[in-house]
Amino acid sequence: MTIQDLFEPFEDDLQLQSTPRFPTLPIIEWRSAFGDFFFRIKGANPQILWCDLGYTVTPKRPLPPARQTTLTKRVSRAFAGRTFFRVVPFADSDEWALVRPKRALVKSPHQPNGAWWEWNAKFPTWGKTQMQWLSQDSDWFKRWLNDQQSKHESLRSAREVARLSDEERKWAPVIAPVEVRQQWEQLARALQLLTVAPNQSPHQWEIAGKQVQRKVLCLSIDANPYFQNQLPKCILSAALKLRDELTARFAIPVDFSRWRGIEPNGDQQFYVFPLFDLSMDSIHEKMEAALLWRDFLAGSSRRTELEAALNELMQ
């Protein structure tokens, strides 16, 4: 399936629920595809295609009553609130843009999560004016999208990110050679391994792109509830010392303007890094992690202090 397959009438229809603001809402025709919900007013030009992001519907027909009720409520809210997107395919690829006055995304059929780009229409009023914009003919939108691509670097960046796998997206904001990045990751994973107690679930170390304004890659140990609530203070202090040494000596720059990930529901996704699978950790692996850090600390001006911190983690 391609996005072009959706520019045709849909078999399923749905009567939207009225609201105090909109006492009469239309019947829509709809289809679920690519992890999203696509629809238009029933009988409208098939080239007019809207999308409620991150919502899928079971292929079972007829829909179970509970699913029908949930679907009606959700899409009615999206329609009345004008939170749906207009679908505009790119002429030179199988990707498509999703646009509305205060948000715009790019999606690829090869990746369930889209990528956002910065665009904001400034309408003097809402309601009918916005609806008219979302309902313009496809030729107008194609010209408009071409014009946006020529003007906005953020759209070109979003198209690049839209094609990336989740693993590739994690590294999108990082400005560093691959070999440096890989060595940083090895040390980061080793430090995480050294702070996990036996038979304990892995904990998540993160750097949040829009919450933590950092210029370099840094493990958020001090902001993680796991460290604050479950680790002894001596272990936390030792982990922080080694973390700070890693950040100081491997000052890997990050540029979050290069990061454009979103969650399936369309909200901006926080950049989480790294989350390692430590389910197979063992004493042998921890010894290897300690040896890796011992070699790294050999070149530090604080070697004695930091080796003491490493020994604390090995207790």
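Helix α8 passes helix α10 in a left-handed crossing. By left-handed I mean that the near helix is turned anticlockwise from the far one by less than a right angle; clockwise would be right-handed. Helices here are DSSP runs of H or I with at least four residues, strands are runs of E with at least two, and both are numbered from the N terminus.

Before I go on, this is a predicted model, so local features need pLDDT of at least 70 and side-chain atom pairs count only at pLDDT 80 or more, while totals for chains, interfaces and linings use all residues. Residues are numbered from 1 along each chain as its sequence is written, and side-chain values use heavy atoms, with hydrogens and water left out.

Back to the pair. Two packed helices are described by the angle between their axes and the distance between the axes. For α8, residues 233–249, and α10, residues 303–313, the axes come within 9 Å and cross at roughly 135°. The axes are lines fitted to C-alpha atoms, for helices over the stretch in contact, and the angles run from 0 to 180 degrees between N-to-C directions. So α8 and α10 are oblique to each other. The cut-offs are under 35 degrees for roughly parallel, over 145 for roughly antiparallel, 65 to 115 for roughly perpendicular, and oblique for the rest.

Which residues of α8 and α10 meet? On the α8 side they are C234, I235, A238, A239, K241, L242 and E245. On the α10 side they are E305, L306, A309, L310, E312 and L313. Contact means heavy atoms within 4.5 Å. By class, this contact of α8 with α10 has 9 nonpolar residues, no polar ones and 4 charged ones. Nonpolar covers Ala, Val, Leu, Ile, Met, Phe, Trp, Tyr, Cys and Pro; charged covers Asp, Glu, Lys and Arg; the others, Gly among them, are polar.

A290, W293, R294 and L297 of α9 meet R303, L306, E307, L310 and N311 of α10. This contact divides into 5 nonpolar, 1 polar and 3 charged residues.

Now the chain as a whole. It has 10 helices and 8 strands. Of its 315 residues, 46% count as buried, where buried means under 20% relative accessible area, exposed means over 50%, and partly exposed lies in between, with a 1.4 Å probe and protein chains only. Among contacts with a separation of 6 or more, 62% are between residues 24 or more positions apart.

Helix α4, residues 153–162, is mostly covered, with 7 of its 10 residues buried. Those are S154, L155, S157, A158, R159, V161 and A162. What lies over them includes strands β7 (103–108) and β8 (111–117), along with helices α3 (138–151) and α5 (166–170).

Next, C51. It sits in strand β4, residues 50–52. Is C51 buried or exposed? C51 is buried, at 0% relative accessible area. What does C51 touch, leaving aside its neighbours within four places in sequence? The contacts are D36, F37, F38, F39, F84, F85, V87 and L98. F85 is 34 residues away from C51 along the chain, with 5.0 Å between the C-alpha atoms.

Some backbone points. Most residues other than glycine have a negative phi, and most peptide bonds are trans. The bond from R61 to P62 is cis, with omega near -5°, and P62 lies in the loop between β4 and α1 (65–81). F34, in the loop between β2 (27–33) and β3 (36–41), has a positive phi near 55°. F34 is partly exposed, with a relative accessible area of 22%. R82 also has a positive phi, about 55°, and lies in the loop between α1 and β5 (85–89). R82 is buried, at 9%.

K73 is in helix α1 and is partly exposed at 42% relative accessible area. K73 and Q17 are 56 residues apart along the chain, and their C-alpha atoms are separated by 7.0 Å. D137, in the loop between α2 (128–134) and α3, is partly exposed at 46%. From D137 to Q47 the separation is 90 residues in sequence and 7.3 Å in space, C-alpha to C-alpha.
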